[in-house]
Amino acid sequence: MPTRGRPTSPHVWLYRWQIGNSLSILHRLTGIALAFGLLALCYWLVSLAGGQRSYAAATKILASPVGLLVMVGWTFAFLYHLLNGVRHLFWDAGYGFERTERHASGWFAVIGALALTLCVWGMLIRHSAS
């Protein structure tokens, strides 16, 4: 009796790239970024409990240009993950399955996260300047 191999999936390049693919991958990547952001939050809280010197060291790291860039990225990750989660809640309720609705809600999640990130950091920068 000949041995038959297990069925294989078509190669990934056979599929046409769609916004849904990108949003799904971005959702997973932002979830990973949020996990690393939790580590940074824990570092900041431990430094806060550790006294003035450890807090000053943590603040110096987090307020550096690289630290600020990472924190802006974490803000976007949080807001995108939140908006995309709301999008999924609508799906769980049975709304938004049509193609145009899926695409519109996907773009809303991305553009909304970008706009909210700019608003949050604009307010933070404006508040720190005054």
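Mentor: A crossing is left-handed if the near helix is turned anticlockwise from the far one by less than a right angle, and right-handed if clockwise. The model here is predicted.

Trainee: Is the crossing of H1 and H4 left-handed or right-handed?

Mentor: The axes of H1, residues 19-49, and H4, residues 99-129, come within 10 Å and cross at roughly 40°. H1 is therefore oblique to H4. On the H1 side, Ile19, Leu23 and Leu26 make the contact, against His103, Gly106, Trp107 and Val110 of H4. The crossing of these two helices is left-handed.

Trainee: How is H1 oriented to H2?

Mentor: H2 covers residues 52-62, and its axis lies 7 Å from that of H1 at an angle of about 150°. Angles over 145 degrees count as roughly antiparallel. H1 is therefore, relative to H2, roughly antiparallel.

Trainee: Which residues of H2 make that contact?

Mentor: H1 contributes Tyr43, Trp44, Ser47 and Leu48. Facing them in H2 are Ser54, Tyr55, Ala57, Ala58, Ile61 and Leu62.

How values were computed: Residues numbered from 1 in each chain as written. Predicted model: local features only at pLDDT ≥ 70, side-chain atom pairs only at ≥ 80, totals over all residues. Heavy atoms only, no water. Axes fitted to C-alpha atoms, helices over the stretch in contact; angles between N-to-C directions. Helix = DSSP H or I, 4+ residues; strand = E, 2+ residues; numbered from the N terminus. Parallel < 35°, antiparallel > 145°, perpendicular 65-115°, else oblique. Contact = heavy atoms within 4.5 Å.
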